[in-house]
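Colleague: I would like to learn how to read a model of this kind, feature by feature. Please give the general idea each time, and then the case at hand.

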Amino acid sequence: HGKNDEHCRGNGQIGDGKGSGLWFSWSRNPDLISKVWAVKKLQRLIKSKSEKIKLVGISIGGEIILEALKGRHYKNISKAILVCSINEAHKIEEKSIKIVNIYSASDRFAEAAIETLSLFSGSRRLLGKDILNINLPRMDHVDFCANAPVPRGKYKGKTPSDIVNEFLRD
């Protein structure tokens, strides 16, 4: 995603990251047609990989990952990492993939987007089997997009990408 992009709307590309990670960010509006297209494209990409992969989704890219996983049983995904995700669902049924959800209770943009897109069932925090929620205090959406250092807490001084990279290594 672009550093100066106010809401982490990425370049619309799905591509191979370093090693076995696939980074996904989406630049289009979160309208239904764009989202369905992105989910289908990500599902095709996942199916095309024979090796174990990890997915990283930023902002609405995280929600697109969750949608792509819904009802599917991919054996080639070991982990999904969501960063400041716009989660339209609170309870995640996926049981075989570890999900790391990096969010901030202070992220007002994510809160507003979740309320707009999924008033009753969305949440920054996720529930389900094998989900790790990491709340980074005092981080707004713009801070995530700028990869700003976390101001306090367990990850103080680290950037969101530092934290993602820690989870990509394990």
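**Reading the model**

Modeller: Buried means under 20% relative accessible area, exposed over 50%, and partly exposed in between, with a 1.4 Å probe and protein chains only. The model is predicted: local features need pLDDT of at least 70 and side-chain atom pairs pLDDT 80 or more, while totals for chains, interfaces and linings use all residues. Residues are numbered from 1 along each chain as its sequence is written, and side-chain values use heavy atoms, leaving out hydrogens and water.

Colleague: Where does Pro151 lie, and which residues does Pro151 touch?

Modeller: Contact means heavy atoms within 4.5 Å. Pro151 is in the loop between α4 and α5. Not counting residues up to four places away in sequence, Pro151 touches Pro137, Arg138, Met139 and Lys156. Pro151 and Arg138 are 13 residues apart along the chain, with 6.8 Å between their C-alpha atoms.

Colleague: Is Arg152 buried, exposed or partly exposed?

Modeller: Arg152 counts as partly exposed because its relative accessibility is 40%. Arg152 is also in the loop between α4 (141–145) and α5. With neighbours within four places in sequence left aside, Arg152 is in contact with Pro137 and Arg138. From Arg152 to Arg138 the C-alpha distance is 7.6 Å, at a separation of 14 residues in sequence.

Colleague: How many helices and strands are there?

Modeller: Helices (H or I, at least four residues) and strands (E, at least two) are DSSP runs, numbered from the N terminus. The protein has 5 helices and 6 strands, in the order β-β-α-β-α-β-β-α-β-α-α along the sequence. Of its 170 residues, 46% are buried.

Colleague: Which residues of helix α5 are buried?

Modeller: An α-helix has 3.6 residues a turn, so residues three or four places apart point the same way. In α5 (residues 160–169) the buried residues are Pro160, Ile163, Val164, Phe167 and Leu168. They lie on the same side of α5 because they cover an arc of only 140° around the axis, the arc being that of the directions from the helix axis to the C-beta atoms.

Colleague: How many of the residues of β3 are buried?

Modeller: In β3, 6 of its 6 residues are buried. One side carries Ile53, Leu55 and Gly57, and the other carries Lys54, Val56 and Ile58.

Colleague: In which sense do β3 and β4 pair?

Modeller: Two strands pair if DSSP finds at least two bridges between them. β3 and β4 pair in the parallel sense over 6 bridges, and Ile58 has Val83 in β4 as its bridge partner. From β3 the chain crosses through α2 to β4, in a right-handed β-α-β crossover. Right-handed means that, with the strands pointing away from the viewer, the path from the first strand over the helix to the second runs clockwise.

Colleague: Which residues have the most contacts inside the largest nonpolar core?

Modeller: A nonpolar core is a set of buried Ala, Val, Leu, Ile, Met, Phe, Trp, Tyr and Cys residues joined through side-chain atoms within 4.5 Å. The largest has 20 residues, and Leu55, Leu69, Ile77 and Ile99 have the most contacts inside it. Two or more residues each come from α1 (32–48), β3 (53–58), α2 (60–69) and β4 (77–83), with α2 giving the most, 5 residues. A second, separate core has 17 residues, including Ile81, Leu136, Phe144 and Tyr155.
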